[in-house]
Amino acid sequence: MLVLSLQEQHLTGVFPSARGEEITRGPLDLVWCSGWEEKASDHLVPVLRLPVRPPFLTFSAPTGTAHWKLDAVDRHAGDRPAAWIDDAFDASCHAWAAARDAPTLLVATDPAAGMTDDHVARLERWARRRDG
């Protein structure tokens, strides 16, 4: 499972060419983790040149001190391996990843640069190890 989080203000120029093809290759199942929820596909599918509209996570009101996306990501990930790409991880995200029994990768991006070739290569290496 690949959880992709993007901010609207960072959409333009964020992705190198052919990013959608690379992101969705192999054993990764893409899901949007954006405050845009269902509207993420309207903007991101054409930019990423994705062949399908990925599902999206919905968020409830934040409780406690955990990251506002964490409950939705945790529910969706369940006991499956998960890679989460975001530009705003906090300590609760890292604690969650470390405590999970399933393999978990957090990929922190720079909001000004977005996802880079290095991020994609890291995801591909991680996914290949999961795929056996």
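Predicted model: local features only at pLDDT ≥ 70, side-chain atom pairs only at ≥ 80, totals over all residues.
Residues are numbered from 1 along each chain as its sequence is written, and side-chain values use heavy atoms, with hydrogens and water left out.

Next I looked up the numbers: the axes of H3 (residues 70–77) and H4 (residues 91–99) come within 11 Å and cross at roughly 20°. Axes are lines fitted to C-alpha atoms, for helices over the stretch in contact, with angles from 0 to 180 degrees between N-to-C directions. Helices are DSSP runs of H or I with at least four residues, strands are E runs of at least two, and both are numbered from the N terminus.

Which residues in H3 meet H4? I found Leu70, Val73, Asp74 and Ala77 on the H3 side, and Ser92, Cys93 and Trp96 on the H4 side; contact means heavy atoms within 4.5 Å. I sorted the residues of this contact into five nonpolar, one polar and one charged.

Then I checked tryptophan 96. Leaving aside neighbours within four places in sequence, Trp96 is in contact with Leu70, Val73, Asp74, Ala77, Trp84, Thr104 and Leu106.

Last, I looked for the largest nonpolar core, which has 15 residues. A core is a set of buried (under 20% relative accessible area, 1.4 Å probe, protein chains only) Ala, Val, Leu, Ile, Met, Phe, Trp, Tyr and Cys residues joined through side-chain atoms within 4.5 Å. Val73 and Trp96 are among those with the most contacts inside this core.

Conventions. Nonpolar A, V, L, I, M, F, W, Y, C, P; charged D, E, K, R; others polar. Buried < 20%, exposed > 50% of the residue type's maximum accessible area, 1.4 Å probe, protein only.
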